[in-house]
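Welcome! Let us take a walk through this structure together, starting with a helix and moving on to some aromatic rings.

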There are 2 protein chains.
Amino acid sequence: MDKQEIYDDLKKRILTLQLEPGAALDEASLSQAYSISRTPLREILRALAGEGYVEIVSNRGAHVAPMSHKVLRDFFQTAPMLYSAIGRLAAHNARPAQIDEMRAVQARFRQAIEGGSSEDMVYWNQRFHALMGEMADNPYLRPSYDRLLIDHARISQTFYRPRDKDMQQRTLDALAQHDYMIAAIEAGDGQRMVDLIVEHWELSRDLLEYFVKPDPLAFELPAVNS
Amino acid sequence: MDKQEIYDDLKKRILTLQLEPGAALDEASLSQAYSISRTPLREILRALAGEGYVEIVSNRGAHVAPMSHKVLRDFFQTAPMLYSAIGRLAAHNARPAQIDEMRAVQARFRQAIEGGSSEDMVYWNQRFHALMGEMADNPYLRPSYDRLLIDHARISQTFYRPRDKDMQQRTLDALAQHDYMIAAIEAGDGQRMVDLIVEHWELSRDLLEYFVKPDPLAFELPAVNS
DNA sequence: CGTATACAAATTGTATACATTATTTTCTAC
DNA sequence: GTAGAAAATAATGTATACAATTTGTATACG
């Protein structure tokens with residue numbers, strides 16, 4: 001494995017929760033596992049920290065970025081705005097080669113759904129949306145957007161129930177929405193894209209909010225939307 | 001200078017254009033200048049790359065993040081949305097200690113204006129807005145917001161004319177708006193904050209757009225809001 | 001029995017030497 | 001004299017050794 005592959009491998013393991021949120025990333029073990037010295041491994045960890053996959057505290061090493069309760073609140077608060085903005089820009093700025101690549105990724109996503117591998121599903125879905133971020137071609141929005149995608153992948157993985165019929169149907173709906181998105185991007189239709197993104201988000205959000213109880217005390221307290 | 005100080009020093013030099021966009025950052029020279037070895041210096045450069053201050057290309061070293069024409073277009077397209085979102089959140093989430101710190105920073109900004117040092121002005125204005133980003137306390141929005149602030153500082157510095165009477169007046173207006181913002185944050189008034197941010201942005205934008213021609217072709221094309 | 005302190009182990013941080021990749025210069029062929 | 005290739009130079013990338021910091025453990029003391 002060269003440096004780039006190690007980098008991608010760690011990303012994938014974090015996205016698929018093979019490396020759990022908060023898990024310690026020991027430099028010595030990792031460098032031994034990947035057969036490189038600590039120096040380049042440290043640089044990889046620092047690059048991952050810059051993208052939000054990892055948190056580093058001075059003299060206390062690197063840990064997989066945690067998923068606290070606050071993270072979930074902020075996630076639901078922030079995602080719709082950024083997803084819409086990225087979607088609109090993607091429709092305006094996507095290049096033909098990128099659209100081809102998106103079709104290829106979508107095909108892989110479809111395969112993963114048919115194959116029933118939830119890990120692959122989460123990964124190729126993530127690749128689909130990451131590619132949309134590339135299409136948007138806005139260097140200011142991307143770092144935030146990509147961070148949202150990291151946690152979106154991890155949250156989905158956490159709550160996914162492959163045996164649940166309802167959830168299977170929702171997954172197929174999401175797959176179909178992806179196809180419509182590709183069409184909207186190809187047509188350069190920004191408004192259509194925003195509508196699709198909102199729809200897509202609501203599907204995802206309803207699924208997640210079913211499992212996420214933002215406040216465990218809600219049962220004992222009056223139900224107030226703060 | 002310890003590692004953190006070197007890190008901060010490089011940030012400051014990039015923000016104030018002492019290190020120009022695109023300038024090469026040679027590892028050997030820098031490590032010698034700061035009296036540390038190349039290993040920790042490389043880590044600093046990689047951390048700066050993660051925040052958008054620096055761009056690193058494999059085997060070709062680090063350069064100060066460039067300021068292309070496209071960057072300017074994207075900047076004007078993206079800033080209003082993120083600035084408003086951050087402003088609203090800051091009003092909702094600011095903690096008393098942060099408000100105190102903001103007052104201190106604002107005092108320094110006022111001093112810089114009175115002292116006439118454009119470098120200090122840009123720096124303390126940047127600190128003011130960066131602090132607002134901290135107050136907002138949203139880990140997803142911050143990386144994008146901070147990147148916008150980097151280029152905002154650099155663009156301002158590029159076009160600032162300290163002798164221009166009109167520009168001096170606008171600077172004083174901006175200073176006053178900062179005071180109103182502190183009041184809005186203290187009152188927890190998110191909507192008031194958004195209004196102030198929009199006003200503040202328009203002041204800044206008008207100033208910059210006077211110098212920046214985002215699209216030389218616009219003159220020949222019909223004026224369309226795409 | 002709980003707490004504090006001193007020592008030991010483990011982990012991260014830094015410096016230096018060496019390897020690899022880019023770039024520049026120089027030489028040769030045409 | 002120019003173009004191309006080869007060598008020299010200079011840069012970045014990696015490995016290893018050592019230093020500093022943190023964490024864990026044992027023991028002494030209240």
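Predicted model: local features only at pLDDT ≥ 70, side-chain atom pairs only at ≥ 80, totals over all residues.

Of the 18 residues of H7(B), 14 are buried, so the helix is largely enclosed by the rest of the structure.

Now for the rings. Over all chains, the structure holds 14 aromatic pairs. One of them joins Tyr83(A) and Tyr145(A): their ring centres are 5.6 Å apart and their planes stand at 75 degrees, so this pair is edge-to-face. Tyr83(A) belongs to helix H4 (residues 69-93) of chain A and Tyr145(A) to helix H7 (residues 142-159) of chain A, so the pair ties together parts that are 62 residues apart in sequence. Tyr83(A) is buried, with a relative accessible area of 8%, and Tyr145(A) is buried too, at 1%.

Chain B has an edge-to-face pair of its own, formed by Tyr83(B) and Tyr145(B), with 5.6 Å from centre to centre and 75 degrees between the planes. Here Tyr83(B) lies in helix H4 of chain B and Tyr145(B) in helix H7 of chain B, so parts 62 residues apart in sequence are tied together. Both tyrosines, Tyr83(B) and Tyr145(B), are buried.

Finally, look for charges over rings. The charged end of Lys12(B) sits 4.3 Å from the centre of the Tyr123(B) ring, over that ring, while Arg192(B) lies over the face of Tyr180(B), 5.6 Å from the ring centre.

Conventions. Residues numbered from 1 in each chain as written. Chains lettered and ligands numbered in written order. Heavy atoms only, no water. Buried < 20%, exposed > 50% of the residue type's maximum accessible area, 1.4 Å probe, protein only. Helix = DSSP H or I, 4+ residues; strand = E, 2+ residues; numbered from the N terminus. Phe/Tyr/Trp six-rings, centres within 6.5 Å; stacked < 30°, edge-to-face > 60°. Lys NZ or Arg CZ within 6 Å of the ring centre and 35° of its normal.
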